[in-house]
Amino acid sequence: MLKLAQARAMQLAAQGLLQPPKRQPRRADLVTAIERMRMLQIDTIHVVARSPYLVLHSRLGNYPMAWLDEALAQGQLAECWAHEACFVSAADIAWHRGGQDHRSHHWAHRHAQRVHREHRKDMDALLAGIRDSGPVRAADFERRDGGASSGWWEWKPEKRWLEAWFALGELMVARRDRFQRVYDLAERVLAGLDPPFDVTLAFSPAQQRRHFILETVRALGVTPAAWIGDYFRLKPRVSDRELAPLLESGELLAVPVEGWGTPGYVHREHAEWLDKALAGKLRATLTTLLSPFDPLVWDRSRVLAMFGFEYTLECYTPAAKRRYGYFVLPILHRGRLVGRLDAKAHRDTGVFEVKALFLEPDARPEPALVSAVARAIAATATWHGTEKIRLGSTQPASLGRLLRAQWRAARVKLAGPG
């Protein structure tokens, strides 16, 4: 039987979060990291770095953010709707194309269909214009009401139509300019992918579902059936009965896990990790900060069950009702989620502000933990180009003094009160 800590090690290994990188990152490592996770969720909040860049930093360390944009522009990556809007490897995009059955339940696809029904003439004209004139950005169209937008339903009409065509698969993202999507016809984007897109590939909904189930188990390391559906937004829910043929074929392995009332499933490619985990030889040593949209934590029920970590992204919560802060980053330390911090990067002044930092009740500020957390915060600040650290309140209060002592010893620049 796998102990829960061993199951966590399996998941961290599968996600690329078990141990620190052993060398400086290379360009190819970025695509490899995304292939390991199977996708990289996109979110535009940039209180710290935008989420996809931060997710990669947690795994790669000090890599240039431009690598992500360049990999997209060079066709090594593509954008599509998966868990949410995501980057995926060019080698995987065929599984996300074709028939709509596997994603027709997704909110983005349903909304896009409704927008197309209501604005068919305008949307068709927009698509024809792109076919004739080439790629466009939403910024190429003037906002008619002069106001600002805060979400899909408040976007200017052309932005909504571009996003609807993207969700429906007629448009894809050719590249990003300052993180703004540049839309082009899907056929032209697909023609530029590396590796090349095979136009003859056509998967049935059943084949796609089977593929995404296997890929989810691979990405999660070990998982009960109940957690599988969320990763690629599969419906109906995945059951043990559905997984039985994959056990019989040997593509999945089953293992009992401490505290789980149902089997844990492991991809056959991770059999060696499973043996190491059962022998207590799969050891977590990485300490890093995680994005709220990291696949390790985006399923709040899964992270609670696996790590005992209750987590809510409070940027959508009214300020007066927030418990921890606006943009709170979980702290991963040697296989445990030991705390969280509310951070903000002040790019104009080069300050990385930790407004508040909270350790979990069972995490004691012992020297090894404090030293590792101090290094993780400093590494994120340096990578971000905000090398001066400003620390606000901490819980426990003594943690602030200990962190500052670590930073002074390492000659990290500290900023005064903001």
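**A guided tour of the predicted model**

Begin with the overall layout: the C-alpha centres of domain 2 and domain 3 lie 39 Å apart. The bounds, which come from an automatic or database domain assignment, are 4-94 + 203-279 for domain 1, 100-141 + 156-192 for domain 2 and 312-415 for domain 3. This is a predicted model, in which local features need pLDDT of at least 70 and side-chain atom pairs count only at pLDDT 80 or more, while totals for chains, interfaces and linings use all residues. Residues are numbered from 1 along each chain as its sequence is written, and side-chain values use heavy atoms, with hydrogens and water left out.

**Helices α6 and α7**

Select residues 120-133, helix α6, together with residues 157-168, helix α7. Helices here are DSSP runs (H or I, at least four residues) and strands likewise (E, at least two), numbered from the N terminus. The axes of α6 and α7 come within 10 Å and cross at roughly 75°. Axes are lines fitted to C-alpha atoms, for helices over the stretch in contact, with angles from 0 to 180 degrees between N-to-C directions. The pair α6 and α7 is therefore roughly perpendicular (65 to 115 degrees; under 35 counts as roughly parallel, over 145 as roughly antiparallel and the rest as oblique).

Now show the side chains at this contact (heavy atoms within 4.5 Å). From α6 come D122, M123, D124, L126, L127 and I130, and from α7 come E158, W161, L162, A164 and W165. These residues divide into eight nonpolar, no polar and three charged. In this grouping, Ala, Val, Leu, Ile, Met, Phe, Trp, Tyr, Cys and Pro are nonpolar, Asp, Glu, Lys and Arg are charged, and the others, Gly among them, are polar.

R38 is not a glycine, yet its phi is positive, about 80°. With a relative accessible area of 12%, R38 is buried (under 20% relative accessible area; exposed is over 50%, partly exposed in between, with a 1.4 Å probe and protein chains only).

Then select F179, found in the loop between β5 (171-177) and β6 (180-185). F179 also is not a glycine and has a positive phi, of about 70°. The relative accessible area of F179 is 8%, which means that this residue is buried.

**Two cis peptide bonds**

Select D194 and P195, which are joined by a cis peptide bond with omega of about 10°. P195 is placed in the loop between α8 (186-191) and α9.

Move on to Q395 and P396, where the peptide bond is cis with omega near 5°. P396 belongs to the loop between β13 (388-395) and α15 (398-409).

**T223 and its surroundings**

Centre the view on T223, in the loop between α9 (205-220) and α10 (228-231). T223 is buried, its relative accessible area being 0%. Leaving aside residues up to four places away in sequence, T223 touches V217, I228, W260, P263, G264 and Y265.

**The cysteines**

Finish with the sulfur atoms. A disulfide is a pair of cysteine sulfur atoms within 2.5 Å, and by this rule the count is zero. Select C80: the closest cysteine sulfur is that of C86, at 6.6 Å, too far for a bond. C315 is in no disulfide either, and the nearest cysteine sulfur, again that of C86, is 17 Å away. C80 counts as buried at 6% relative accessibility, and C315 counts as buried at 10%.
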